Amino acid sequence: MADFGDPISDKQKVAIASDFILHAPPGEFNEVFNDVRILLNDDDLLKEGASGSFAQYNKDQFTPCKIKGSDELVLVTEHGDLGGSRFLDPRTKQSFKYDHLRKEATEEQPAKVDAGAEPWRSAIEASLTAYRDQHYKQGVVTVYGKSSGGNTTIIACIESHQYQPKNFWNGRLRSQWSVTFPESGGGKAELTGVIKVQVHYYEDGNVQLVTSKEVKQTLNISKHEKKSTKSEEQTAKEFSKIVVDAESDYQKAIGENYLTMSDTTFKALRRQLPVTRTKIDWNKIIGYKIGSELKNA
Amino acid sequence: SDQQLDCALDLMRRLPPQQIEKNLTDLIDLVPTLCEDLLSSVDQPLKIARDKQLGKDYLLCDYNRDGDSYRSPWSNTYDPPLDDGTLPSDRLRKLEIDANTAFDQYREMYFEGGVSSVYLWDLDHGFAGVILIKKAGDGSKKIKGCWDSIHVVEVQEKSSGRSAHYKLTSTVMLWLQTSKDASGVMNLGGSLTRQVEQDATVSDASPHIVNIGKMVEDMENKIRNTLNEIYFGKTRDIVYGLRSFIPLGDMKKQDALRNDLAAALSKRSAAQ
């Protein structure tokens, strides 16, 4: 462990710098970036080799972003990545340029969305936004739709965070739900979801909660009816019900774990007091040794 | 440089503690000149080694390391063996043996299991030491838990020899992991650090081990309470703040009902 061998190459240093940046806790990108910048001590190398990690971090974290022409925030994710630092907002049919360091949107423009998927996408977006209103005080929902090879794929992303650096803590929840089904609807499809929570507490310490859960459920896809959005709305209703139930069950299970961890696991690691129910008599502790020495003398 | 060390330590407070060892290795690769400073100031989960001579376990840390070898507090020898490994002075070794015996009992009374080790080293006007304790849970209820204590004490003996100044810096690491169907993978881990200083009389009735023992015991009891509050109170509350289990519309209705009731009651008492 003490022998660290030969110095590493610039390429390896930049890889380490990127990895550190990708692991910044929610709300602490700037602090981690500044630490890494001073440790690497080579701004050109950092810009050249690690700027990909700035974008990757924002996409991984489902970073919410304010754009012109929308009351709702939009999430920066890999599914909306149009290349050249431009991202899609399917809700307002716009694309925008995103500055990954300043975390700002500019150059908003109208954008095309997949027409075939749009009725399903917007129904699910409306339904999940209503779910968001009921369960996420400060949450953001972005739903993507695309058609390919006769199939429609809908990917829904939900994000909610709380930053309180003055109180030395930050937290974020992210969930992503996807389903693929034939364009015309009908039949059943598999709705897969992943829910992740990360919490960082750092007053005189570093405590982090990292959790994730995968979900698979069957979703009934209503058959598309001409000149009506009833089937899309019905499917969206069921989609949201699965999401509500799964996320609520998950939150409940986390709460139960907390209880078991504190009542059972933690208690078994260290007692509050010895069985005597009083603190230790230290003179007695060192006295015992003398006593046994005398016995053996 | 000092600024780089500050940044490295800040980074270690932000990166997920679940990867402390990897983070530390990467950090040292990134800035090799900080190697010794980082190894001595970043706490890592304690590793256990076996003293084959005496058949007893002991804990590894930077304070009993010399090169790639570690010193056992039981046999006072290095593994792998060293010709000229750093050893405490004879007087200090006597105290170290007594300290290990005392804290072995402390460990048994509070932890009912686990491993402990105490290492001392000489200072100009006193001595310093580290008291280590490691306790792993039995994995019941499908939850893996582990506790690591690292107490570093600095003792400045006053020239009269009848009192001393004690400075204690304690870090407790607590690791909890579970993987179950309903809750997926849940990993709650990290550490808290506290510091305390005090003067105390040194006498036959109140020798160093008694003074240090009391400080460590009080400190660990305090930290245990704080760990309980932070891990199972604070972080849980933060999760509940990210998503509301009860539909917010229902909460608004509850709040409105509460306000209506309060208004009606105050109207009634005003009328009386």
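Trainee: What share of the 297 residues of chain A counts as buried?
Mentor: In this model, which is a predicted one, 48% of the 297 residues of chain A count as buried.

Trainee: And how many helices and strands does chain A have?
Mentor: Chain A holds six helices and eleven strands. Its radius of gyration is 26 Å, well over the 19 Å that the globule rule gives for 297 residues, so chain A is more spread out than a compact globule.

Trainee: What does the C-alpha trace of chain A span along its principal axes?
Mentor: The trace of chain A spans about 100 × 50 × 35 Å along those axes. As for the surface, the accessible area of chain A comes to about 14400 Å², and carbon and sulfur atoms account for 49% of that area.

Trainee: How many positive and negative side chains are there in chain A?
Mentor: There are 40 positive and 42 negative side chains in chain A, and the centres of these two sets lie 5 Å apart.

Trainee: What about contacts in chain A, how much do residues 24 or more positions apart account for?
Mentor: If you take the contacts in chain A with a separation of 6 or more, residues 24 or more positions apart account for 52% of them.

Trainee: Let's switch to chain B. What is its secondary structure?
Mentor: Chain B comes to six helices and ten strands. The radius of gyration of chain B is 25 Å, which is well over the 19 Å that the globule rule gives for 272 residues, so chain B too is more spread out than a compact globule. The C-alpha trace of chain B spans about 85 × 45 × 45 Å along its principal axes.

Trainee: How much of chain B is buried, and what does its surface come to?
Mentor: Of the 272 residues in chain B, 50% count as buried. Chain B exposes about 13100 Å², with carbon and sulfur atoms supplying 51% of that area.

Trainee: Now some single residues. Is B:Tyr78 buried or exposed?
Mentor: B:Tyr78 has a relative accessibility of 11%, and the cut-off for buried is under 20%, so this residue counts as buried. B:Tyr78 lies in strand β5 of chain B, which covers residues 78-79.

Trainee: Which residues does B:Tyr78 touch?
Mentor: Leaving out residues up to four places away in sequence, B:Tyr78 touches several residues, among them B:Asn64, B:Arg65, B:Tyr70 and B:Leu87.

Trainee: Which peptide bond of chain B is cis?
Mentor: The bond from B:Asp79 to B:Pro80 is cis, with omega near -5°. B:Pro80 is in the loop between β5 and α4 of chain B, where α4 covers residues 90-111.

Trainee: What is phi for B:Glu112, and where is that residue?
Mentor: B:Glu112 has a positive phi of about 50° although it is not a glycine. The residue is found in the loop between α4 and β6 (115-123) of chain B, and at 45% relative accessibility B:Glu112 counts as partly exposed.

Trainee: Back to chain A, what about phi of A:Arg277?
Mentor: Phi of A:Arg277 is near 65°, a positive value in a residue other than glycine. A:Arg277 lies in the loop between α5 (230-269) and α6 (282-296) of chain A, and with 71% relative accessibility A:Arg277 counts as exposed.

Trainee: And where is A:Gly84?
Mentor: A:Gly84 sits in the loop between β3 (81-83) and β4 (86-89) of chain A, and at 63% relative accessibility A:Gly84 counts as exposed.

Definitions and conventions:
Residues numbered from 1 in each chain as written. Chains lettered and ligands numbered in written order. Predicted model: local features only at pLDDT ≥ 70, side-chain atom pairs only at ≥ 80, totals over all residues. Heavy atoms only, no water. Helix = DSSP H or I, 4+ residues; strand = E, 2+ residues; numbered from the N terminus. Rg over C-alpha atoms; globule rule 2.2 N^0.38 Å. Buried < 20%, exposed > 50% of the residue type's maximum accessible area, 1.4 Å probe, protein only. Areas by Shrake-Rupley, 256 points an atom, 1.4 Å probe, with all protein chains shown as cover. Contact = heavy atoms within 4.5 Å. Lys, Arg positive; Asp, Glu negative; His and termini not counted. Charge placed at Lys NZ, Arg CZ, Asp CG, Glu CD.
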